[in-house]
Protein chains: 2
Amino acid sequence: MTTKTRILETALRQFNEIGTDQATVRSIAEEVGISHGNLCYHYRNTDALIEALYDELIREIDEQVFQIQPPDIDMASTVRSAGITFRLLYKYRFLMLDLVRITRRIGSLREKFRELMRLRRLQFRQGFQALISKGLMREEWAPGFYDHLTTNMLVLGDNWIPNAEIHFDEKGDVVVQYYLEAFLSLLVPYLTEKGLAEYRLVVAGANVGRREGGRG
Amino acid sequence: MTTKTRILETALRQFNEIGTDQATVRSIAEEVGISHGNLCYHYRNTDALIEALYDELIREIDEQVFQIQPPDIDMASTVRSAGITFRLLYKYRFLMLDLVRITRRIGSLREKFRELMRLRRLQFRQGFQALISKGLMREEWAPGFYDHLTTNMLVLGDNWIPNAEIHFDEKGDVVVQYYLEAFLSLLVPYLTEKGLAEYRLVVAGANVGRREGGRG
DNA sequence: ATAATTTTAGAACAAATGTACTAAATCTTT
DNA sequence: AAAGATTTAGTACATTTGTTCTAAAATTAT
């Protein structure tokens with residue numbers, strides 16, 4: 001395995017575990033087993049490492065998620081996309097744990113993130129439209145309502161990780177699953193009966209979302 | 001005004017504006033117009049300042065929000081509490097912007113935050129119960145569903161600020177209002193007709209939440 | 001094989017920062 | 001007014017970290 005790759009892997013681990021402030025070119029170099037001078041030859045500083053890892057994340061998301069386009073969207077693909085994204089974000093969780101500081105320091109990353117956010121907002125919109133046109137999701141109750149929903153889903157999608165870091169002791173898949181379920185439950189009130197049926201089939205451990213009781 | 005107060009005020013401003021990493025005992029002392037030696041006499045280091053400001057936040061929340069107990073809970077008090085909390089969090093937003101790093105570094109604060117989270121979760125539960133018993137909110141569709149709702153509201157309640165910081169250019173009340181509305185909209189699907197009517201009265205600019213269209 | 005290029009280790013430097021210390025100044029109390 | 005306590009300014013030190021530089025080693029190309 002190339003030195004560059006080993007550096008990136010170790011940097012990712014250290015960033016995730018001790019944060020971008022505690023991980024230094026020296027600490028990473030030490031773990032890789034090279035001199036920090038050498039590390040700086042490959043990556044000028046920690047910011048360069050962060051940018052490289054961010055690009056990796058985007059590449060992986062592009063590869064695995066952004067392929068799915070409106071015609072293919074159904075409940076299963078929606079749930080699957082969310083799951084993949086959640087797991088990828090978790091893999092690169094240091095980015096989410098430190099987003100404010102990182103985007104404050106690295107202006108170019110801030111712009112990239114904002115661009116990504118705009119893109120994802122659009123995709124949510126299109127996704128909702130697709131689900132609606134397939135009779136899986138209900139028409140918008142009132143103008144702007146699905147914008148709120150989108151905002152909430154975007155905020156949650158970006159920020160469940162910091163929350164988990166602070167308030168959870170567990171790590172890994174348990175955590176991802178916990179927040180993923182909560183996240184998906186946001187959709188439930190807006191699904192049609194048909195959508196809900198599909199949703200129940202798709203979401204594992206699905207005692208989530210039975211709705212027979214309710215209605216005023 | 002006492003030196004200690006002036007220090008706290010300036011620290012709050014600098015933390016909010018440039019972050020807890022860029023603000024140093026020296027930069028704060030300089031703005032206050034005292035020597036950094038003097039500042040360290042009052043507050044040993046920036047961590048001490050952070051803790052003091054956190055205690056302030058908790059004091060203000062206790063004072064303004066935690067007074068309201070279940071018997072008094074209705075739609076108006078719920079919306080009001082949310083608004084007050086959102087504005088207080090925004091006042092001390094550096095805490096939310098840097099929560100992970102802060103709680104990683106200051107163990108005692110981490111415990112305090114987790115305790116606060118547990119308390120708030122309980123309060124949400126009780127609030128929901130109160131709203132249900134008053135016929136404003138519907139019974140839980142399925143067991144665990146309102147837990148998801150609580151999780152989502154807690155995550156959003158803590159993390160809209162980092163989101164705003166990164167993706168918004170505006171500052172202040174505009175931002176608070178934007179996220180507050182989105183946050184409150186989470187409740188809407190679970191309100192009874194009566195609850196929805198009260199909600200519409202209470203929430204300003206309320207074209208939010210009209211529901212006549214929907215249902216399957 | 002030899003030259004050129006890339007990679008590596010290690011030293012050195014500068015800047016920033018928390019922390020401690022000293023002595024002067026100011027305020028309280030008696 | 002005098003003694004004691006508190007507050008303040010300024011200095012000094014140790015540590016950390018990013019960054020640069022040099023020269024050696026390893027690799028690649030010719």
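Analyst: **The surface near DNA strand D**

With 5 residues, α3(B) gives the most to the surface near DNA strand D (helices are DSSP runs of H or I with at least four residues, numbered from the N terminus). This is a predicted model, in which local features need pLDDT of at least 70, side-chain atom pairs count only at pLDDT 80 or more, and totals for chains, interfaces and linings use all residues. Residues are numbered from 1 along each chain as its sequence is written, chains are lettered from A and ligands numbered from 1 in the order in which they are written, and side-chain values use heavy atoms, with hydrogens and water left out.

In total, 18 residues surround DNA strand D, and the closest are A:Arg26, A:Asn45, B:Ser35, B:Tyr41 and B:His42; a residue is near the strand if one of its heavy atoms lies within 4 Å of it.

B:Asn38 has a sugar or linking oxygen at 2.8 Å, while for B:His36 a base oxygen is 3.3 Å away. Each is a polar contact, a pair of N or O atoms within 3.5 Å. The elements giving two or more residues to this surface are α2 (25-32) and α3 (36-42) of chain A, together with α3 (36-42) of chain B.

By class, the surface has 4 nonpolar, 11 polar and 3 charged residues. Here Ala, Val, Leu, Ile, Met, Phe, Trp, Tyr, Cys and Pro count as nonpolar, Asp, Glu, Lys and Arg as charged, and the others, Gly among them, as polar.

How values were computed:
A polar contact is a pair of N or O atoms within 3.5 Å; within protein, one must be able to donate a hydrogen and the other to accept it, and residues adjacent in sequence count only if both atoms are side-chain atoms.
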